[in-house]
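Please keep the sequence and the coordinates open while reading.

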Amino acid sequence: MTSTPSDTSETAVQAVEPTPAKTRPTRADRSQSVQPVLEKLFELYPHLFGAEFLPLKLGIFQELLAAHPEQFERDSLKAALGLHTRSTRYLQCVAAGKQRHDLQGVAVADVSPEHVYLALLELFRRRQGRTKEDLRPKLRAQLLAAFEASGLSRQDYLTRVQTNDADANALLEEALAEHDLKMAKQEALLRAFESSGKTPAEFADMYGLNERDVNAAVNRKRRLESAATTS
């Protein structure tokens with residue numbers, strides 16, 4: 001559905017003469033060739049490359065080279081980080097929206113909405129390729145959650161994440177349409193609540209609603225009003 005995102009900050013390698021098909025290294029070959037580098041990264045930074053992966057700070061490639069010039073060679077480190085950041089486990093932590101971390105394990109920045117989006121699409125592509133179950137509804141829900149977590153407007157989000165993948169764009173539009181419907185329902189709920197003169201608990205009980213949904217609508221309006229006041 002889309003190409004695998006890679007968020008290492010090193011620029012792409014200059015084009016070289018392609019390896020003949022018969023001798024081109026396989027994924028297993030590449031993994032084996034950089035295994036010692038990955039093992040050294042795990043040894044030095046288990047909090048980043050250990051049992052739990054964390055999104056890496058942009059620019060961490062250069063920091064690793066500078067911090068360990070005797071341990072890492074440029075090309076092999078680049079290949080190892082590329083393999084690491086394309087792994088399913090790494091993509092899962094990016095898709096979950098965890099913050100980027102520096103070499104000390106300190107959270108330093110949010111993962112951009114577009115990287116979260118690309119990670120979700122790539123994970124979907126991999127999982128869908130292993131099952132006959134239609135995983136699009138689950139992806140749609142994930143895209144909706146990612147959009148809401150981004151804090152961006154609909155148009156700003158589309159500008160940042162849309163790709164040339166027509167199927168992915170269609171799923172995103174469906175997720176955003178679901179968000180619009182959800183917001184319209186919340187707005188109608190809020191208007192009815194404000195005109196009722198009831199407390200959230202009384203209003204919820206009167207209409208057979210969940211008090212949490214009523215409070216969510218009220219709190220959302222307060223956040224919007226507060227943001228408008230401080231902007």
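## Helix packing and salt bridges

Helices α8 and α9 cross in a right-handed manner, where a crossing counts as right-handed if the near helix is turned clockwise from the far one by less than a right angle, and as left-handed if anticlockwise. Their axes lie 12 Å apart and the packing angle is about 165°, the axes being lines fitted to C-alpha atoms over the stretch in contact, with angles running from 0 to 180 degrees between N-to-C directions. That angle makes α8 roughly antiparallel to α9, since angles over 145 degrees count as roughly antiparallel, under 35 as roughly parallel, 65 to 115 as roughly perpendicular and the rest as oblique. On the α8 side the contact is made by R154, Y157, L158 and V161, and on the α9 side by L172, E173, L176, A177 and D180, contact meaning heavy atoms within 4.5 Å. Sorted by class, this contact of α8 with α9 has six nonpolar, no polar and three charged residues; Ala, Val, Leu, Ile, Met, Phe, Trp, Tyr, Cys and Pro count as nonpolar, Asp, Glu, Lys and Arg as charged, and the others, Gly among them, as polar.

The model is predicted, so local features need pLDDT of at least 70 and side-chain atom pairs count only at pLDDT 80 or more, whereas totals for chains, interfaces and linings use all residues. Residues are numbered from 1 along each chain as its sequence is written, and side-chain values use heavy atoms, with hydrogens and water left out.

A search of the whole structure finds 12 salt bridges, each being a side-chain nitrogen of Lys or Arg within 4 Å of a carboxyl oxygen of Asp or Glu. The table gives some of them.

| Salt bridge | N to O distance |
|---|---|
| E43 and K40 | 3.3 Å |
| R160 and E114 | 3.1 Å |
| E187 and R191 | 3.8 Å |

R160 lies in helix α8 (residues 154-161) and E114 in helix α6 (residues 113-128), so their pair ties together parts that are 46 residues apart in sequence; helices here are DSSP runs (H or I, at least four residues), numbered from the N terminus. R160 is partly exposed, at 39% relative accessible area, and E114 is also partly exposed, at 25%, the class between buried (under 20%) and exposed (over 50%), with a 1.4 Å probe and protein chains only.

E43 and K40 are three residues apart in helix α1 (residues 27-44), and therefore separated by about one helical turn; E43 is exposed, at 54%.

Methods
Helix = DSSP H or I, 4+ residues; strand = E, 2+ residues; numbered from the N terminus.
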